[in-house]
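Here are my notes on the model, as numbered points. Have it open while you read.

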Amino acid sequence: MASFRLKIWHVEQTCVFELSWGKGQQLTARLPFPNTLRTQYQSWQDAYINFYRSKEFQQSLLRGRVDVSGTMATPAVDWRARLAQAEAELTAEFHHWLSSAELLKIRQAIASGGRTAVAVTSIATPQPVAVFLTCDSVALERLPWETWEIGTEFAATQTIHLVRTPATIRAEPGQRSRPGKMRILTILGDDTGLNFQAEKAALQALKPLADVVLVGWQAGKETHQLLEVIQQAIADPNGWDILFFAGHSNETNLTGGELSISPHQSVFISEISTQLVLAKQRGLQFAIFNSCQGLSIANALIDLGLGQAAVMREPIHNQVAQEFLVRFVRELTTYQDVQDALRLTCQSFKLDKNLTYPSAYLVPSLFRHPDSTPFRLKPFGWRNKLKQWLPTQQEAIALTALVALSFYPPVQQWLLEQRVLTQAVYRQWTGQMGNASVPPVLLVQIDDRSLQKARIADPVPMRRDYLARLVNQLTALDASVIGIDFWLDRPHAEDDSLRNALTAAIQRQNTWFVFAVHESEMREWLMVTPDVARSTWSLQGNGSIPLWYVKPLPWLDSTPPPFSYLLATAYRLQTESFSFNPSLQRPSPSLHSQRDLLTQVRETTAKAVPTNKRPLVSEAMQLQPVTAFSYLLQQRWLQPVLDFSIPPDQVYATIPAWQLLEQPHGVMRSQGLTSLKDRMVMLVAGGYSEAGVGFAGEDNFPLPAAIAYWRRQQTPPDDNPNFPGGQAHAYMTHHFLTHRFVLPIPDFWLVLAVIPLGKGLALLLAKQRHWRWVMLSIGGTVIYGLASLQLYLIPGVLMPWLLPSATVWLYLLLALMRRNHAQR
């Protein structure tokens with residue numbers, strides 16, 4: 001909100017107007033003070049007082065002691081007509097004087113908010129303007145400055161608030177805001193000839209929002225201790241938000257105004273100044289004096305550091321005072337600030353009540369400390385507190401966008417890739433690289449060169465005789481667990497050669513064979529053709545790869561377990577020690593078995609206890625209900641991710657198929673092995689362009705960002721843009737083998753979880769020193785980011801960072817924008 005200080009000095013017959021704002025900007029103008037204005041004010045005042053003392057309004061009902069110059073009213077005088085005429089003449093002369101050419105630049109500066117014409121047109125929403133008016137004489141103060149329509153001639157669209165402020169202010173405004181329900185201290189003074197029932201009822205209507213406490217004189221009670229009671233009430237240690245006084249009052253020169261607290265006792269503001277300062281320090285922000293001639297009262301209160309005070313500059317009739325408070329309280333209960341509430345109340349008197357209470361709208365004035373914030377009632381109760389926590393329109397739009405992003409699969413895939421890349425960098429920088437000297441998986445990759453050397457023109461489907469040659473070579477090197485990641489569901493002329501190689505390996509050393517199978521478009525599982533392998537001596541697992549997640553174990557036995565899980569389980573059954581039930585034997589491939597090998601494996605995994613305490617089946621491996629539900633929403637909530645932050649050389653080693661066939665012993669030496677007995681071997685496609693079943697290249701996935709990072713660390717760097725599916729299976733197999741299951745917390749969940757945190761910080765920013773909370777929020781964001789990086793490594797929980805942090809900062813930035821907007 002733009003803010004101006006307008007000071008007016010009355011020097012002999014001239015008025016000096018000094019307008020200051022911004023960073024030292026200032027305008028000065030001199031204007032003769034017309035004697036007709038002084039005369040017309042006196043005429044209006046006489047007509048005003050005589051009307052409200054006429055037979056229609058009894059003299060005893062004025063809230064002040066009034067000495068009227070001139071003759072007493074006679075029944076024959078129509079004081080209503082005289083008052084209307086005097087008001088019209090006063091306001092016309094006053095506005096004519098203020099419209100003088102000498103004040104043109106001052107009016108223009110205020111109407112533009114202190115900005116240049118270019119700056120004004122560049123702002124979409126006009127900012128409210130506050131003009132703090134200071135007059136150096138009572139004669140100037142009595143004029144109805146609130147009626148000055150400054151921006152009318154310039155078609156200004158912003159609201160211009162003209163509030164008064166004393167020439168002398170020696171104290172700072174109170175900075176303390178009381179917590180909890182608001183408190184209103186009501187002091188009821190001398191009620192001789194007055195009636196406070198309407199005011200009591202109006203204040204009682206505030207009880208849902210504030211506690212109202214009444215003190216003051218009561219008929220029939222002693223008055224000698226009344227002043228002490230009032231002083232103690234004002235200085236109550238619990239503090240007050242609003243001070244209200246009703247009764248008789250008058251202006252004084254040196255004591256800050258006089259309040260009549262009982263029929264024969266008055267108190268000056270100076271006598272209770274100590275208690276008022278204490279009340280200000282304990283939260284008092286606003287005072288209402290619904291009594292006569294309050295100019296000196298308001299000046300004294302602002303000088304003491306009170307934020308704002310509403311007073312009546314002239315004598316006020318009891319009925320007018322009651323009606324004023326009822327309407328003013330009505331505006332306050334709609335959470336208008338006191339500036340708007342007083343403006344709307346006076347506007348209501350002018351438009352709706354000017355015939356009943358003529359000129360009453362000219363009497364109220366609001367005084368404000370220049371460093372104060374306009375006071376308004378604050379909501380109370382759980383409904384109102386809940387309302388504070390509801391999102392604003394801007395917050396709702398931004399939150400909707402963030403929630404939509406947290407649900408959008410492509411965005412989720414991108415965020416996951418970037419997060420795993422960050423984890424790879426963090427793992428390397430912090431030296432948390434693990435200690436796997438020999439990777440558990442050996443990938444035998446059939447690449448383009450292997451196809452060339454084998455003279456295979458069409459690798460789809462892969463030739464069975466070539467796979468047979470590879471199996472025979474691996475058998476010769478004592479491979480005990482072999483996975484074959486090629487679809488073998490359709491019969492082929494070369495099936496016998498592959499079947500002979502498989503059966504020979506099982507006869508020689510009970511080799512475990514695990515085949516990848518897939519589901520057709522008709523939702524049928526296409527298993528390996530019996531011409532190649534039978535389920536009694538081989539395992540067949542689901543070969544699909546969710547990008548980039550671990551395939552969970554299915555609920556139904558009719559659905560094949562993941563290919564990678566069966567490979568890891570076969571390897572563990574082959575190489576690890578178990579505690580078996582005496583009635584249970586370790587399963588092993590046998591050509592003479594009559595039972596399904598997968599059934600034997602399932603029985604074993606349910607009962608066997610590994611000596612290393614890693615179960616063959618754990619809850620983390622299985623499909624969770626919440627994950628299954630999220631599939632309906634195209635999400636993968638709580639489904640473990642493939643941890644590409646682990647370097648590939650700790651997961652698998654690769655050799656081309658042609659090299660295995662032509663240089664088997666060289667391959668063994670390069671791997672530092674004498675046999676493949678303790679390794680899992682996978683026969684996989686090695687990146688040739690035709691790899692895949694549904695379409696050419698289906699098995700060549702886009703390169704994950706973390707894998708690209710690790711490839712750049714190699715010597716020389718590997719710039720291959722493809723990521724074969726066999727390498728993804730190797731990571732999945734590694735995770736099943738080592739129980740490395742990184743559980744991702746859904747972005748959507750965490751975005752919803754941090755909304756209360758963001759809103760709470762925004763509410764704190766609106767009430768307290770904001771830069772402290774901004775710095776704490778920056779520190780909290782950084783600390784959370786570092787903690788989430790470490791939680792990913794140990795114990796394996798992926799806490800999203802970007803969208804939850806963006807949610808919190810969305811609230812903070814919007815709160816800062818609102819605060820800066822309010823300060824302007």
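1. Start with Y335: with a relative accessible area of 23%, Y335 is partly exposed. On the scale used here, buried is under 20% relative accessible area, exposed is over 50%, and partly exposed is in between (1.4 Å probe, protein chains only). Y335 isn't a glycine, yet its phi is positive, about 70°. You'll find Y335 in the loop between helix 10 (318-332) and helix 11 (338-352). Helices (H or I, at least four residues) and strands (E, at least two) are DSSP runs, numbered from the N terminus.

2. Before going on, a word on what you're looking at. This is a predicted model, in which local features need pLDDT of at least 70 and side-chain atom pairs count only at pLDDT 80 or more, while totals for chains, interfaces and linings use all residues. Residues are numbered from 1 along each chain as its sequence is written, and side-chain values use heavy atoms, with hydrogens and water left out.

3. R523 also deserves a look. R523 has a positive phi of about 65° and is not a glycine. R523 sits in the loop between strand 17 (512-519) and strand 18 (525-526), and its relative accessibility of 65% makes it exposed.

4. On to the cis peptides. T715 and P716 are joined by a cis bond with omega about -5°, and P716 belongs to the loop between helix 23 (705-712) and strand 25 (722-724). Another cis bond runs from I794 to P795, with omega near 15°; P795 is in the loop between helix 26 and strand 27 (797-798).

5. Helix 26 (residues 770-793) is also where V782 is found. With M775, I778 and L786, V782 forms a nonpolar surface patch, and together they have about 380 Å² of accessible area. Patches like this are made of residues with over 30% relative accessible area and no salt bridge; nonpolar side chains (Val, Leu, Ile, Met, Phe, Trp, Tyr) are joined within 5 Å, and like charges within 9 Å. The areas come from the Shrake-Rupley method with a 1.4 Å probe, and for residues only the protein chains shown count as cover. V782 itself is partly exposed, at 49% relative accessibility.

6. Now the inside. How many residues does the largest nonpolar core have? It has 83, and those with the most contacts inside it are L6, F17, W97, W145, F286 and F328. Helix 1 (residues 35-52) gives the largest share of this core, eight residues. A second, separate core has 61 residues, including A516, L566, I707 and F741. (A nonpolar core is a set of buried Ala, Val, Leu, Ile, Met, Phe, Trp, Tyr and Cys residues joined through side-chain atoms within 4.5 Å.)

7. What does F17 touch, leaving aside its neighbours within four places in sequence? Its contacts (heavy atoms within 4.5 Å) include L6, L27, L31, W97, L98, L103, I106 and W145, and also K7 and T28.

8. Helix 9 (residues 295-303) is mostly covered, with nine of its nine residues buried. Among them are L295, I297, L301 and I302, but also S296, N299 and D303. After helix 9 comes G305, with a positive phi near 105°.

9. Salt bridges next: a search of the whole structure finds 24, each being a side-chain nitrogen of Lys or Arg within 4 Å of a carboxyl oxygen of Asp or Glu. Take D643 and R740, whose side chains meet at 3.0 Å, N to O. D643 lies in the loop between helix 20 (625-631) and strand 22 (652-656), and R740 in the loop between helix 24 (725-738) and strand 26 (743-744), so the pair ties together parts that are 97 residues apart in sequence. Both D643 and R740 are buried. Elsewhere, salt bridges with shared partners join E146, R164 and R313 into one network.

10. Two other pairs to check. E576 bridges to R572, with the closest N and O atoms 3.0 Å apart, and both residues are buried. The R490 and D489 bridge is 3.9 Å, N to O. R490 is exposed, at 65% relative accessible area, whereas D489 is partly exposed, at 21%.

11. Lastly, S112, in the loop between helix 3 (104-111) and helix 4 (117-121). A polar atom of the S112 side chain lies 3.1 Å from the backbone oxygen of A109. Is S112 buried or exposed? At 16% relative accessibility, S112 counts as buried.

Definitions and conventions:
Polar contact = N/O pair within 3.5 Å; in protein donor to acceptor, adjacent residues only side chain to side chain.
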